[in-house]
Amino acid sequence: MHPFLSSALSFSRQSRCLFQNFGRSNFIGGIIQGPLVRHPRRIIQATFSKTFRHPCGGSHPYLAVRGLHTSQPRLAAPLAVLLVKLAGPLSKVIKLVAVVGGRTFRKWWGNLSADKRLRLTKGFHLRKERITIVIGGFGGISLAYYFFHLEETPFTHRTRFMPISHKQMVELTDTEHRNILDSFAEHVLPVSHPSHLRVYRVAKRLVMANHGKEMENLTWQVSVVDSEDMNAFVLPNGQIFMFTGMLKVLPNDDSLATILGHEMSHAILQHAAEQVSLCGFINMFMVIVLAILWALLPTDFTALFAHWLQNRILSILLHLPYSRKLEEEADEVGMNMAAKACFDVRESPIFWRRMAVTQNQMNQPELVKWLSTHPTHNDRAENLEASLPQALEVRRRCNCPSLPGEVSFLSQENQRGFRRLQQLAGNPSP
């Protein structure tokens with residue numbers, strides 16, 4: 001199973017509330033279909049009519065899909081599949097082959113006589129122009145492929161490498177998801193449960209307020225899992241999973257919108273496909289580097305140490321900062337999504353301050369920032385506080401109801417709360 005999907009692809013057919021844009025021409029007055037009700041063999045829907053007109057732009061019709069439909073598996077483009085495999089379990093096999101191949105070459109070269117080595121070295125020099133052309137051609141094609149697949153992210157306009165399309169990533173996700181769909185069936189809450197209704201209500205409000213071309217290919221689906229884990233995530237195909245352990249630390253819908261907005265932003269921005277693309281592309285070159293290391297370094301110990309050091313450097317200088325950047329981007333886009341849906345976005349930094357306090361009270365050590373895949377709770381709160389004026393301006397442009405103390409961005413009560421949280425989190429304000 002692919003590492004970017006393994007933590008997420010594990011839930012049942014129950015508790016599915018799907019939103020799908022059917023286009024304005026399919027409805028008169030914006031009919032919303034739902035909620036879903038159970039049937040012994042499938043999930044069917046009850047319907048009601050309602051017009052939803054959001055201040056940010058017109059009516060948005062949505063439909064709760066009538067059950068679980070699985071289409072026949074379809075293959076993505078071969079190179080896209082290769083990149084996915086190179087970022088997943090196949091990368092370990094290929095790297096092992098590179099290590100064994102390099103080590104075998106070193107042993108073979110060491111057992112050759114001096115005359116044999118000299119003849120092979122002369123033969124290499126005679127063909128070095130051809131070898132240089134082949135290596136240069138491979139490098140040139142790789143660079144051209146990289147630059148040809150650069151694009152801008154929605155909303156933030158960041159340049160990124162993205163050869164895998166959203167459709168391909170969804171197909172790959174669905175293929176693995178079907179295999180373990182029933183793993184947690186007994187833990188999924190029914191659609192009539194208050195916790196499910198709460199998540200459904202907030203998710204629907206976020207979807208309706210943020211409908212656009214970036215969400216056209218996503219089908220949103222809610223499942224609430226009865227577990228004490230403080231976790232929530234959204235798959236690349238729009239399946240939302242919330243754990244009751246996380247709901248317990250979200251005292252209101254505004255804080256819930258913070259988490260849902262963040263996780264939904266990962267799907268909208270296609271962060272999973274982006275990470276798979278980059279990791280697969282890098283691993284394609286790392287396999288060559290590994291083979292060279294194990295072929296040229298004199299002993300297994302030095303080759304193993306160089307292998308370990310290369311992985312650590314690549315992780316610290318590239319993968320971890322990249323992961324933190326994606327998390328910060330999802331925080332920013334998620335808060336703007338909540339703002340468009342008229343939630344109180346001031347709750348976003350407050351939530352992360354609260355998480356920092358909880359972490360300190362539980363005596364949980366905080367990882368060094370540059371060794372973590374996520375920003376620290378305090379860093380996230382500070383970043384969101386810096387983006388808060390912009391988010392409040394988005395909220396005002398959407399004609400949302402005014403918030404208490406909005407003129408100064410934070411009410412006096414919230415300001416006092418911020419100071420208390422900062423002090424408890426060990427990050428006092430200046």
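Predicted model: local features only at pLDDT ≥ 70, side-chain atom pairs only at ≥ 80, totals over all residues.
What does the model show over residues 131–148? The chain there is 100% helix and 0% strand. The end C-alpha atoms lie 25 Å apart. Over residues 284–309, the chain is 88% helix and 0% strand. Here the end C-alpha atoms are 18 Å apart.

## Helices α10 and α11

Two packed helices are described by the angle between their axes and the distance between the axes. Helix α10 spans residues 271–296. Helix α11 spans residues 300–340. The two pack at an angle of about 165°, and their axes are 12 Å apart. Angles over 145 degrees count as roughly antiparallel, so α10 is roughly antiparallel to α11.

The crossing of α10 past α11 is right-handed. In this contact, 16 residues are nonpolar, six are polar and three are charged.

## Helices α9 and α11

Helix α9 covers residues 253–268. It packs on α11 at an angle of about 120°, with the axes 7 Å apart. Are the two helices parallel, antiparallel or oblique? At this angle, α9 and α11 are therefore oblique to each other. α9 passes α11 in a right-handed crossing.

Which residues meet? From α9 come A257, G261, H262, M264, S265, H266 and I268. From α11 come L326, E327, A330, D331, V333, G334, M337 and A338. By class, the contact of α9 with α11 holds eight nonpolar, five polar and two charged residues.

## Helices α12 and α13

Helix α12 runs over residues 347–361, and helix α13 over residues 377–397. Their axes come within 8 Å and cross at roughly 165°. The pair is therefore roughly antiparallel. The crossing of α12 past α13 is left-handed.

On the α12 side, the contact is made by S348, P349, W352, R353, M355, A356 and Q359. On the α13 side, the residues are H377, N378, R380, A381, E382, L384 and E385. The residues of the contact of α12 with α13 divide into six nonpolar, four polar and four charged.

## The disulfide

A disulfide is a covalent bond between the sulfur atoms of two cysteines. How many disulfides does the model contain? The count comes to one disulfide. This bond joins C342 to C400, with an S to S distance of 1.9 Å.

Where do the two cysteines sit? C342 is in the loop between α11 and α12. C400 is in the loop between α13 and α14, a helix of residues 412–424. The two cysteines are 58 residues apart, and the pair links distant parts of the chain.

Is the disulfide left-handed or right-handed? The torsion about the S-S bond of C342 and C400 is about -75°, so the disulfide is left-handed.

Note on methods
Residues numbered from 1 in each chain as written. Heavy atoms only, no water. Helix = DSSP H or I, 4+ residues; strand = E, 2+ residues; numbered from the N terminus. Axes fitted to C-alpha atoms, helices over the stretch in contact; angles between N-to-C directions. Parallel < 35°, antiparallel > 145°, perpendicular 65-115°, else oblique. Left-handed = near helix turned anticlockwise from the far one by under 90°. Contact = heavy atoms within 4.5 Å. Nonpolar A, V, L, I, M, F, W, Y, C, P; charged D, E, K, R; others polar. Disulfide = S-S within 2.5 Å.
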